[in-house]
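I have one model to go through this morning. Please have the sequence and the coordinates open while I talk.

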Amino acid sequence: MTAMSTTLERHHRLIIAALAGIILLFLTACLFHDVIPICHFLFGCDHAMH
């Protein structure tokens, strides 16, 4: 447990940046679903946010 919290303390900016990047990737994929069909490939959805 101590090793995990030490790792989180050292790399918290990297972890936050990675999570934010993943969220931005999915938001971009939903907004531009015709260009970036990640949502369709992963979840099988055929809709877009309007």
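The nonpolar patch takes most from α2, which gives 3 residues. This is a predicted model, in which local features need pLDDT of at least 70 and side-chain atom pairs count only at pLDDT 80 or more, while totals for chains, interfaces and linings use all residues. Residues are numbered from 1 along each chain as its sequence is written, and side-chain values use heavy atoms, with hydrogens and water left out.

Which residues make the patch? They are Met1, Met4, Leu8, Ile15, Leu19 and Ile22, together about 660 Å² of nonpolar surface. A patch here takes residues with over 30% relative accessible area and no salt bridge; like charges are joined within 9 Å, and nonpolar side chains (Val, Leu, Ile, Met, Phe, Trp, Tyr) within 5 Å. A salt bridge is a side-chain nitrogen of Lys or Arg within 4 Å of a carboxyl oxygen of Asp or Glu. Areas are Shrake-Rupley values with a 1.4 Å probe, and for residues only the protein chains shown count as cover.

Both α1 (2–10) and α2 supply at least two patch residues each. Met1 sits in the segment before α1, and counts as exposed because its relative accessibility is 83%. The classes are buried under 20% relative accessible area, exposed over 50%, and partly exposed in between (1.4 Å probe, protein chains only).

Phe26 is in helix α2, residues 12–31. Its relative accessibility is 30%, so Phe26 counts as partly exposed. From Phe26 to Pro37 is 11 residues in sequence and 10.0 Å in space, C-alpha to C-alpha.

For the whole chain, there are 3 helices and 0 strands. Helices (H or I, at least four residues) and strands (E, at least two) are DSSP runs, numbered from the N terminus. Of the 50 residues, 8% count as buried.

Last, confidence. The chain averages a pLDDT, the predictor's confidence in each residue from 0 to 100, of 79.
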